[in-house]
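User: I have a structure open and would like to go through it. Can you take my questions as they come?

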Amino acid sequence: PNVRLDVGSGLVGADAGPIRIRGSSSIGLSNDPIVYIDGRRMNVDRSFPGGTTGTGAFSRMNDINPADIESIEVIKGPAAATLYGTEAAHGVIQIITKRGAAGDTRFDASVEYGVNWIPNPEWESVLPTIWGRNSNGDLISLHLYKQETLRNGGEPLFQNGPIQRYSLSATGGTDRIQYFAWINRDDLEGFVDWNTDTKTNARLNLTSTVNETLSFDLQGSYLTGSTRHPGNLWAEFRRGTPNTAADVGGTTP
């Protein structure tokens, strides 16, 4: 209750949208909650170097794989500020990752395939018709889907962008030592071929129980990858006139 997650842009690797706990309370300052992973704070500031561009935002929240998560706790209101200071006035999200369990080693593997696409991009509701006048002063029009396809060398502007995800995890241990190890590879393309997101990440959680009152946790994670943002597609599509298309021979009065 009182947690709102806004819908993102649909572009791969882009910011999933702001998270608001009990609404917004400031016009000029960030209203984002702070995020902790296993008790350690995570940088989720979208204004960090490389985090934003003139055409979109990126979020380190995308680096968290749902398969790593055991549970999520949301702390709201005065309780958040009491536990984490005034900086947590907008709430706290505590992410708890998986731990090992005593027993034989259990392996889990998954393979995921899919596509990103825009249904019926020729519809006016997706890309509108633009209007202008030619050199004779005649009113001409051109549907933007055709214009952008012409600019794309005659190839369709939008594609069925492939989604590929592979993961493997192992968990097990003894009464003294338990472990959880996981590795994942993502290779994603958006509905335009210059929107890509690839990453490989791995995590290892070890728990050593010395006695009933003493235990040690060792946690490590690794992430590498790259994200290519396509730019502000919708703003670009709506600029110009039919005269700026690669071929205006098909325009209609």
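User: How many helices and strands does the protein chain have?
Analyst: The protein chain has three helices and 15 strands. Helices (H or I, at least four residues) and strands (E, at least two) are DSSP runs, numbered from the N terminus. This is a predicted model, where local features need pLDDT of at least 70, side-chain atom pairs count only at pLDDT 80 or more, and totals for chains, interfaces and linings use all residues. Residues are numbered from 1 along each chain as its sequence is written, and side-chain values use heavy atoms, with hydrogens and water left out.

User: What does pLDDT average over the protein chain?
Analyst: The average is 80, and 76% of the residues score at least 70. pLDDT is the predictor's confidence in each residue, from 0 to 100. It stays under 50 over residues 48-55 and over residues 246-253.

User: Which residues make up the largest nonpolar core?
Analyst: Nine residues: Ile19, Ile21, Val35, Ile37, Met42, Val44, Ile64, Ile93 and Ile95. Strands S2 (19-21), S3 (34-37) and S8 (92-97) each give two or more residues to this core. A nonpolar core is a set of buried Ala, Val, Leu, Ile, Met, Phe, Trp, Tyr and Cys residues joined through side-chain atoms within 4.5 Å. Buried means under 20% relative accessible area, exposed over 50%, and partly exposed in between (1.4 Å probe, protein chains only).

User: New topic. Where is aspartate 68?
Analyst: Aspartate 68 is in the loop between strand S6 (56-57) and strand S7 (69-75).

User: Is aspartate 68 buried or exposed?
Analyst: Aspartate 68 is buried, with a relative accessible area of 7%.

User: And which side chain does aspartate 68 meet in a salt bridge?
Analyst: That of arginine 203, at 3.2 Å, N to O. Arginine 203 is in strand S14 (residues 196-209), so the pair ties together parts that are 135 residues apart in sequence. A salt bridge is a side-chain nitrogen of Lys or Arg within 4 Å of a carboxyl oxygen of Asp or Glu. Arginine 203 is also buried, at 15% relative accessible area.

User: How many salt bridges does the count come to?
Analyst: The count comes to eight. Among them, aspartate 186 pairs with arginine 165, the closest N and O atoms being 3.6 Å apart. Aspartate 186 lies in strand S13 (residues 177-189) and arginine 165 in strand S12 (residues 161-173), so this pair ties together parts that are 21 residues apart in sequence. Salt bridges that share partners join Glu112, Arg165 and Asp186 into one network.

Technical notes: Contact means heavy atoms within 4.5 Å.
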